[in-house]
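Colleague: I have a structure open and want to learn how to read it. Can we go feature by feature?

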Amino acid sequence: MGTTQLETVPEPKYWHLRTVLSEALDSEFAVGEILPNERELAARFGVARATLRQALEQLELEGRLQRRRGVGTTVAPPRVGVDVGSESGPHTWPGAPGDAWHAEEYAAGPAPAAVARTLGVAADAPVHAVLRSRTTGGQQVASEVLYVPTASVPPVTADDGSEAARARTVLRELHRLPFGGQDRTVELGSARAEDARRLDRLPGAPVLIVTTRFLSDGGTAAVSVATYRADTCRLSFSDADPVPVLAG
């Protein structure tokens with residue numbers, strides 16, 4: 001990577017640097033290759049390290065770079081297409097045949113305030129929390145917590161086996177309810193400490209948060225909050241072939 005001094009441009013310095021770095025990634029670096037450290041990069045491009053960090057964060061957000069614990073900043077592989085729309089089918093509960101998620105853990109306790117409001121339960125009301133993971137190409141790309149109030153599924157006792165078995169029990173009981181549809185929202189967020197640990201990311205790394213509300217008998221029967229790696233995932237919401245993403 002050669003030395004490039006930035007001239008005065010009508011766009012922010014970090015954005016111009018992002019463009020220069022992006023071109024260098026295409027021509028000089030291979031997937032998985034580790035970039036020079038921040039001090040070296042800042043010196044080569046004649047910018048402050050704060051400007052450099054902004055450019056690197058933007059490229060990470062775009063899926064061009066990955067920050068890995070104990071490794072550094074590496075060139076990211078192309079994003080993996082993840083079909084959100086047909087994970088378990090548009091007319092079924094989570095955990096139906098063909099669902100790409102794997103149930104791992106179970107817990108009971110109050111839901112986050114926003115989730116409790118969506119479920120229509122008191123802030124301190126205990127709900128089922130089923131933790132599930134999704135893996136693509138041998139890599140975990142998403143982590144999900146499915147919140148189910150006791151009005152939808154009765155309490156699960158300690159006699160129901162391991163955490164994974166209790167999680168599957170909640171999913172099985174949920175399937176007994178008449179399915180009334182679902183709706184989704186997607187937003188960009190930052191990885192919380194627990195999500196970052198599960199997804200092998202650094203806390204604060206960009207993630208895509210998909211919130212799904214499952215309906216039954218005119219009310220909300222469950223809420224799923226799924227966290228996807230924004231650096232590796234390209235989300236699709238239909239059964240059709242995904243539209244190619246044009247690189248910036």
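**Reading the model**

Modeller: Start with the surface. The accessible surface of the protein is about 12,600 Å², and carbon and sulfur atoms hold 52% of that. Keep in mind that this is a predicted model.

Colleague: What share of the residues in the protein is buried?

Modeller: Buried means under 20% relative accessible area. Of the 248 residues in the protein, 44% are buried.

Colleague: How many helices and strands are there in the protein?

Modeller: The protein has six helices and 10 strands. Then look at contact range. Take the contacts with a separation of 6 or more: 64% of them join residues 24 or more positions apart.

Colleague: Which residues of helix 1 are buried?

Modeller: First the general rule. An α-helix has 3.6 residues a turn, so residues three or four places apart point the same way. Now the case here. The buried residues of helix 1 are L17, R18, V20, L21, S22, A24 and L25.

Colleague: At what angle do helix 2 and helix 3 pack?

Modeller: Angles of 65 to 115 degrees count as roughly perpendicular. Helix 2 and helix 3 pack at about 105°, and their axes are 9 Å apart. The two helices are therefore roughly perpendicular to each other. Helix 2 makes the contact through E38, R39, L41 and A42, and helix 3 through R49, L52, R53 and L56. By class, the contact has four nonpolar residues, four charged and no polar.

Colleague: Helix 3 also holds E60. Is E60 buried or exposed?

Modeller: Check the relative accessibility against the 20% cut-off. E60 is at 3%, so it counts as buried. Leave out residues up to four places away in sequence, and E60 touches L65, R67, R201, A205, P206 and D231.

Colleague: Next, a strand. Where does S143 lie, and what is it in contact with?

Modeller: S143 lies in strand 6, residues 139-149. S143 is buried, because its relative accessible area is 3%. Setting aside neighbours within four places in sequence, its contacts are W101, L131, R132, D195, R198, L199, V225, A226 and T227. S143 and H102 are 41 residues apart along the chain, with 9.6 Å between their C-alpha atoms.

Colleague: Last, backbone angles. What is phi of D200, and where does D200 lie?

Modeller: Look for a positive phi in a residue other than glycine. Phi of D200 is near 55°. D200 lies in the loop between helix 6 (193-199) and strand 8 (206-216). D200 counts as partly exposed, at 46% relative accessibility.

Colleague: And what is phi of D217?

Modeller: D217 is not a glycine, yet its phi is positive, about 55°. D217 lies in the loop between strand 8 and strand 9 (219-229).

Colleague: Is D217 buried or exposed?

Modeller: Exposed means over 50% relative accessible area. D217 has 70%, so it is exposed.

Definitions and conventions: Residues are numbered from 1 along each chain as its sequence is written. This is a predicted model: local features need pLDDT of at least 70, side-chain atom pairs count only at pLDDT 80 or more; totals for chains, interfaces and linings use all residues. Side-chain values use heavy atoms; hydrogens and water are left out. Buried means under 20% relative accessible area, exposed over 50%, partly exposed in between (1.4 Å probe, protein chains only). Helices (H or I, at least four residues) and strands (E, at least two) are DSSP runs, numbered from the N terminus. Axes are lines fitted to C-alpha atoms, for helices over the stretch in contact, and angles run from 0 to 180 degrees between N-to-C directions. Angles under 35 degrees count as roughly parallel, over 145 as roughly antiparallel, 65 to 115 as roughly perpendicular and the rest as oblique. Contact means heavy atoms within 4.5 Å. Ala, Val, Leu, Ile, Met, Phe, Trp, Tyr, Cys and Pro count as nonpolar, Asp, Glu, Lys and Arg as charged, and the others, Gly among them, as polar. Accessible areas come from the Shrake-Rupley method with a 1.4 Å probe; for residues, only the protein chains shown count as cover.
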